[in-house]
Amino acid sequence: MEYYNLPYNELIKRNEPLSRYTTFGIGGTAEIFAEPRNSAELKEFIEFGRDSRLPINVIGKGSNVLVNDSGVRGIVIYLARNGFKRVKRENSSIIAGAGVSLPLLVNKSVGWGLGGLEVLTGIPGTVGGAVASNAGGKYGTISECIMSVTTIDIDGRTHQYNREDIDFGYRKNCFLNQIIIEAMLKLKECNRVALLKRSREILQEKNLRQPLSAKSAGCVFKNPEGYCAGALIEQAGLKGQRVGGAIVSEKHANFIINTGNATAANVLELVDAIKGDVLRKFNILLELEIQVW
Ligand SMILES: Cc1cc2nc3c(=O)[nH]c(=O)nc-3n(C[C@H](O)[C@H](O)[C@H](O)COP(=O)(O)OP(=O)(O)OC[C@H]3O[C@@H](n4cnc5c(N)ncnc54)[C@H](O)[C@@H]3O)c2cc1C
């Protein structure tokens, strides 16, 4: 299919393998992969997608996404250009573009002696992805620092949401059908050395418990209320369970790892096996945390 009216042909790739853009290293191609340089270009891609009735997806670092082997129809927007990577400090607040690397922002905030984001140490991804999923864990979540979020909707309109307008929840996306372009974070002036120490402690603790350097998308399932998904999977005896190149991590049972040649079909078969076993043994239905495209 040809798209003669696609804006900015030099900013798109056709049939781009998404395995290059996900931490799982798995997945088929994006029909159209677009890298706008700024919000104006982003709006043009959004309007083109709407007028051509093409689905639009946005990808950050792909650290919470499993792309199907058959790939993704429509436009995948990648906010990795400089226009989405600005970081600006204003007293104890930081304004960060959606494409900013979350680990980089954590390091910057710690270096500036601004506390609040160090609790996100060890989480890969971008600011956009972190805001979309309210990333975090037992140390805290990004929502605790958010003052406002700027988005563009599927009609190309810009919105700014203040903290009080956002109904944050556990791994809940409050910005469905919108593209986050920027977030303002309110932090606290703190002792830089103490923040650095805390950040290092968190990373050390995570390294002990999680396979941080393996090819994965982090925790596959959400924690059911009152339970820990990883513990349920472990108690069901599923650590080390394998389908093709996909295996349940021996280190943390809520991580599925691509050992090298896993397909999305392998991961999804393993997901179904885990859900089935946990349901049979504990009568608890696990819900996916990762996004399947
Ligand atoms: C080793 C490892 C450890 C992890 N640990 C944690 C953890 O402790 N806590 C935690 O919460 N997560 C964790 N994750 C999961 C993941 O890193 C986070 O969910 C992260 O915030 C996703 O960011 P991303 O940029 O990679 O988003 P992606 O994976 O690219 O996208 C995830 C979702 O967000 C949407 N999205 C991305 N950018 C935007 C945007 N600009 N506007 C609108 N929607 C957008 C996508 O469309 C998709 O639906 C871990 C992952 C790995 C691989």
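Guide: Tyr21, Phe33 and Tyr78 are linked into a cluster by ring pairs, where rings of Phe, Tyr and Trp (its six-membered ring) pair if their centres lie within 6.5 Å, and where planes under 30 degrees apart count as stacked, over 60 as edge-to-face and the rest as tilted. The model is a predicted one, in which local features need pLDDT of at least 70 and side-chain atom pairs count only at pLDDT 80 or more, while totals for chains, interfaces and linings use all residues. Residues are numbered from 1 along each chain as its sequence is written, and side-chain values use heavy atoms, with hydrogens and water left out.

A search of the whole structure finds 4 aromatic pairs. In one of them, Tyr21 and Phe33 have ring centres 4.4 Å apart and planes at 35°, a tilted pair. Tyr21 belongs to the loop between β1 (12–17) and β2, and Phe33 to strand β2, so this pair ties together parts that are 12 residues apart in sequence; helices (H or I, at least four residues) and strands (E, at least two) are DSSP runs, numbered from the N terminus. Both Tyr21 and Phe33 are buried, a word that means under 20% relative accessible area, with exposed meaning over 50% and partly exposed in between (1.4 Å probe, protein chains only). Tyr21 also pairs with Tyr78: their ring centres are 5.0 Å apart and their planes stand at 70°, so this pair is edge-to-face. Since Tyr78 is in strand β5 and Tyr21 is in the loop between β1 and β2, the contact ties together parts that are 57 residues apart in sequence. Tyr78, like Tyr21, is buried.

The next step is the strand that carries Tyr78. Of the 7 residues of β5 (residues 72–78), 6 are buried, so the strand is largely enclosed by the rest of the structure. Strand β2 (residues 29–34) pairs with β5 in the parallel sense over 4 bridges, where two strands are said to pair if DSSP finds at least two bridges between them. Within this pairing, Ala34 has Ile77 of β5 as its bridge partner. Strand β3 (residues 56–59) also runs parallel to β5 and is joined to it by 4 bridges, with Asn57 opposite Val76. In a regular strand the side chains alternate between the two faces of the sheet.

In total 34 residues surround the ligand, the closest being Val58, Gly60, Ser63, Thr126 and Gly136; a residue is near a molecule or strand if one of its heavy atoms lies within 4 Å of it. The shell divides into 16 nonpolar, 15 polar and 3 charged residues, where Ala, Val, Leu, Ile, Met, Phe, Trp, Tyr, Cys and Pro count as nonpolar, Asp, Glu, Lys and Arg as charged, and the others, Gly among them, as polar.

Some of these residues also make polar contacts, meaning pairs of N or O atoms within 3.5 Å; within protein, one must be able to donate a hydrogen and the other to accept it, and residues adjacent in sequence count only if both atoms are side-chain atoms. A polar backbone atom of Gly60 is 2.7 Å from an oxygen atom of the ligand, and an N or O atom in the side chain of Ser63 is 2.6 Å from a ligand oxygen atom. A backbone N or O atom of Pro124 lies 3.1 Å from an oxygen atom of the ligand. Of the 970 Å² of accessible area that the ligand has on its own, the protein covers 94%; such areas come from the Shrake-Rupley method with a 1.4 Å probe, and for residues only the protein chains shown count as cover.

Arg53 lies in the loop between α1 (39–51) and β3, and at 72% relative accessibility it counts as exposed. The phi angle of Arg53 is near 55°, a positive value in a residue other than glycine.
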